[in-house]
Amino acid sequence: MTEEGLNIGKCHPEEIRQIALLEREAFTCPWTEEMFRQEALSPLSHMLVAKSGGRGIEQAVLGYLIFWLVGDEFHLHKIAVKRDLRRRGIASALLAKAFTYASQYHCRRATLEVRRSNVPALLFYDRFGFAVEGIRHGYYDDTGEDALILWADLPDSILRDQTCPHGGIQVA
Ligand SMILES: CC(C)(COP(=O)(O)OP(=O)(O)OC[C@H]1O[C@@H](n2cnc3c(N)ncnc32)[C@H](O)[C@@H]1OP(=O)(O)O)[C@@H](O)C(=O)NCCC(=O)NCCS
């Protein structure tokens, strides 16, 4: 699937059930549907979904991303893609869209936490310039695993786009 074939926009309440199903497939300690509904009420929180560009059943949610804007910082809280659709650029398209949105609100730095053992995610974040800047030892209750704290500067290309009068993408 190409990025052009994806439709990325704000999450609508009727999509939260699908997100919760995807969450169960992607994480060992998943958020419940109710937790997503509470999250959607937070003024700090932004939820994006990736859907295919088609109609009907093709409009199923393929991936989602949740971030907070905290001052000039972008905090990535969740990102996941349907298991059988990974390595097709869906998470990249979600994160690029979120970065573009965040840069319109003068965010310059992005941060997240990730399990030390989550190699696919670490490789993914590396592609976006994230680097380890800290460790929370024994952070995850289920395994006692460490959380790595990653930071990245928002890519110059996205920040440059903001100086162009027609640049920047509004999240639909
Ligand atoms: C991490 C995750 C969101 C990546 O989603 P994705 O849509 O597969 O990512 P993309 O296709 O945009 O990958 C972009 C690049 O990241 C790297 N990457 C992503 N997944 C990878 C993997 N399993 N192995 C190696 N590199 C990987 C590659 O460089 C890839 O580019 P390439 O496919 O051209 O080589 C997905 O694996 C996922 O949902 N994991 C479960 C949930 C999770 O762990 N979320 C992160 C919690 S912090």
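The shell around the ligand divides into 11 nonpolar, 3 polar and 4 charged residues. This shell belongs to a predicted model. Of the 18 residues around the ligand, the nearest are Arg86, Ala91, Ser92, Pro120 and Leu123. Three elements each give at least two residues to the shell: strand S4 (73-81), helix H3 (90-104) and helix H4 (119-127). H4 supplies the largest share, with 5 residues.

The chain has 172 residues, of which 26% count as buried. Contacts in the chain can be sorted by how far apart the partners lie in sequence. Taking those between residues at least 6 apart, 61% join residues at least 24 apart.

Helix H3, one of the elements that supply the shell around the ligand, can be followed in detail. H3 has 15 residues, and the distance from its first C-alpha to its last is 22 Å. That span is close to the 21 Å expected at 1.5 Å a residue. H3 is mostly covered, since 12 of its 15 residues are buried; here a residue counts as buried if 20 or more other C-beta atoms lie within 10 Å of its own. The buried residues of H3 include Ile90, Ala91, Ala93, Leu94 and Leu95. Further along H3, Lys97, Ala98, Phe99, Thr100, Tyr101, Ala102 and Ser103 are buried as well. After H3 comes His106, which has a positive phi, near 65°.

A point to look for in the structure is Leu112, which stands opposite Leu150 in S7.

S7 is also joined to strand S6 (residues 131-136), again in an antiparallel arrangement, by 5 bridges. On this side the pair to find is Ile135 and its bridge partner in S7, Leu148.

How values were computed:
Residues numbered from 1 in each chain as written. Predicted model: local features only at pLDDT ≥ 70, side-chain atom pairs only at ≥ 80, totals over all residues. Near = placed C-beta within 6 Å. Helix = DSSP H or I, 4+ residues; strand = E, 2+ residues; numbered from the N terminus. Nonpolar A, V, L, I, M, F, W, Y, C, P; charged D, E, K, R; others polar. Pairing = 2+ DSSP bridges. Expected span 1.5 Å × (residues − 1). Contact = placed C-beta atoms within 7 Å.
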